[in-house]
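I wanted to look up a pocket and one of the helices beside it.

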Amino acid sequence: MELAERFLLDALAYLECALGVVCYMLLKLRGSPYGRYSSPGSAFGLPARAAWVMQELPSLALPLLACAGAGAPAERLNRWPNCILLAMFLVHYAQRTLVFPFLIRGGKPTPLYVFLLAFVFCTYNGYLQSRYLSQYAVYADDWLRDPRFLTGSALWLIGMLINIHSDHVLRNLRKPGETGYKIPRGGLFEYISAANYFGEVVEWCGYALACWSIQGWAFAVFTFCVLFTRAQQHHNPSPDCTPAT
């Protein structure tokens, strides 16, 4: 049974990589239908805050259930590398589920199908990462001193801080009463048009390096494929965009 599930987790990781490539090609052809690129009235929309909480929740709940030993004892969480790596995943999704949505100012409704796709992915990936780290990932006793773990952990932290700061910049683009899109200024936005996406890609590449597993790299590949195409859209703002001051 354990061998069969370990094979399943590897297969799901390779499938996630493949799905990332498929999403990359589809988004390059059709563009992202989310946020300012969504078509008004084209689909039933959910309130932005509620959609964020619900779609991200599986990536928070499933690791917590794994830590609690729901379904099966978390045999590998008695090892520090496994605990720290799963904590990286949990910290990100605690912020995205319990903090980020309540900082949103306004926010366009999220199309129902976009919400469903995000919910399915968070369930899929939340199970994959939490199950692997809690039950099957085996690390050497000195893994916490390994250059891959140290470098990956540093990149994870740097990427998360970039992502959080960039989201803060985006939330404060407009003064009360202002509408319309503005080009963000400050921080990495002075050098990168989608600094928030860049931070998240760096974060999960660092996580993958620290994990050094196909499961971790599958998440990084999928994140890159989806966010890179969206970043390219942001790189070409509409003609009526004005710089924020």
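My entries below go from the whole chain to the pocket and then to a helix.

Ground rules: this is a predicted model, where local features need pLDDT of at least 70, side-chain atom pairs count only at pLDDT 80 or more, and totals for chains, interfaces and linings use all residues. Residues are numbered from 1 along each chain as its sequence is written, and side-chain values use heavy atoms, with hydrogens and water left out.

From the N terminus the order reads α-β-α-α-β-α-α-β-α-α-β. Of the 245 residues, 44% are buried, meaning under 20% relative accessible area with a 1.4 Å probe, protein chains only.

A pocket here is an open set of points on a 1 Å grid where a 1.4 Å probe fits, with protein on both sides within 12 Å along at least five of seven lines; lining residues have an atom within 4 Å of a point. The lining has 13 residues, and Ile192, Ala194, Phe198, Phe228 and Ala231 lie nearest the centre. By class I noted 10 nonpolar, 3 polar and no charged residues. α7 gives the most, 5 residues.

Helix: α6 (195-211) also supplies at least two lining residues. I noted that 15 of its 17 residues are buried, so α6 is largely enclosed by the rest of the structure. Trp212 follows α6, with a positive phi near 55°.

Key
Helix = DSSP H or I, 4+ residues; strand = E, 2+ residues; numbered from the N terminus. Nonpolar A, V, L, I, M, F, W, Y, C, P; charged D, E, K, R; others polar. Buried < 20%, exposed > 50% of the residue type's maximum accessible area, 1.4 Å probe, protein only.
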